[in-house]
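Visitor: Could you walk me through this model, one feature at a time?
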Amino acid sequence: MNILWDFDGTLFDTYPAFTEVMYEILNGKIPKEDILNQLKVSVSNAAKNFNLTNESIVEFREKDKSLSPEHKKPFPFVEEVLKYSNANVIMTHKPREEVQFILDYYGWNHYFREIVAGDDGFPRKPNSTAYQYLHEKYSLDLAIGDRLLDIIPAKEVGLYTCLFQNQEKGADFYLDTYEDFFNIVKLHT
């Protein structure tokens with residue numbers, strides 16, 4: 001099995017750290033649950049919803065970037081899935097340097113054959129160009145993400161799809177924990 005992974009909220013539990021940083025920037029005026037819900041759509045969505053200035057957005061990105069990866073832990077049991085897969089690739093909007101920093105911290109670089117990052121020049125999801133590129137190169141079977149945005153392009157290129165900690169309609173499989181991966185995800189390739 002060859003798997004395409006989203007990064008934030010799929011491989012690594014980064015949203016709690018994002019939420020704390022945004023909460024600080026908003027001076028504690030917005031409940032953390034509301035911030036999290038907006039961030040799960042996208043950082044730009046949260047910025048728009050909370051009327052952040054360009055300076056505040058830059059401050060958010062800088063504060064987030066300066067956080068130690070210990071605040072952005074991998075999800076439990078995801079490493080077992082990475083070990084099982086023949087080929088793992090990442091497609092993320094996150095800048096390559098930040099992805100590399102976290103992977104280096106956890107010693108996980110060896111699990112990934114390729115990373116398509118936000119600064120690689122591919123169109124943003126849900127455009128399927130990066131997915132098509134990775135699928136042609138690695139004969140992917142499955143895409144795992146935490147948002148519909150992550151699986152829409154996967155469906156376009158003919159992959160099975162799995163939503164993680166998200167029950168929105170549209171995926172082939174749904175996981176709340178990677179502990180259940182081998183019981184739930186059954187591919188007929």
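Visitor: What should I know before reading residue numbers and values?

Guide: Residues are numbered from 1 along each chain as its sequence is written, and side-chain values use heavy atoms, with hydrogens and water left out. This is a predicted model, where local features need pLDDT of at least 70 and side-chain atom pairs count only at pLDDT 80 or more, while totals for chains, interfaces and linings use all residues.

Visitor: How many helices and strands are in the protein chain?

Guide: Helices (H or I, at least four residues) and strands (E, at least two) are DSSP runs, numbered from the N terminus. Here the protein chain has nine helices and six strands. Its radius of gyration is 16 Å, close to the 16 Å that the globule rule gives for 189 residues, so the chain is as compact as a globular protein of that length. That radius is taken over C-alpha atoms, and the rule is 2.2 Å times the number of residues to the power 0.38. Along the principal axes, the C-alpha atoms fill a box of roughly 50 × 35 × 35 Å.

Visitor: What is the strand order in the open sheet?

Guide: Two strands pair if DSSP finds at least two bridges between them. In this model the order is β3-β2-β1-β4-β5-β6, with parallel pairing. At the edges, β3 (114-116) and β6 (173-175) each pair on one side only. From one strand to the next, the twist averages 20 degrees. Three bridges join β5 (residues 160-164) to β6, and F164 has L175 as its bridge partner in β6.

Visitor: Which strands does helix α6 touch?

Guide: Contact means heavy atoms within 4.5 Å. Angles run from 0 to 180 degrees between N-to-C directions, with axes fitted to C-alpha atoms, for helices over the stretch in contact. Helix α6 (residues 96-106) packs on the sheet, touching β2 (87-91) and β3, and its direction makes about 140 degrees with that of β3. Helix α7 (residues 129-138) lies across β1 (2-5), β2, β3 and β4 (142-145), at about 165 degrees to β3.

Visitor: Which residues lie nearest the centre of the largest pocket?

Guide: On a 1 Å grid over the protein atoms alone, a pocket is an open set of points where a 1.4 Å probe fits, with protein on both sides within 12 Å along at least five of seven lines; lining residues have an atom within 4 Å of a point. The largest pocket is lined by 28 residues, with S42, V43, H93, R124 and R147 nearest its centre. The largest share of the lining, five residues, comes from α4.

Visitor: Where do D176, P126 and N51 lie?

Guide: D176 is in the loop between β6 and α9 (181-184). Leaving aside neighbours within four places in sequence, D176 is in contact with F164, Q165 and Q167. P126 lies in the loop between β3 and α7, and a cis peptide bond, with omega about 15 degrees, joins K125 and P126. N51 lies in the loop between α3 and α4; its phi is near 55 degrees, a positive value in a residue other than glycine.
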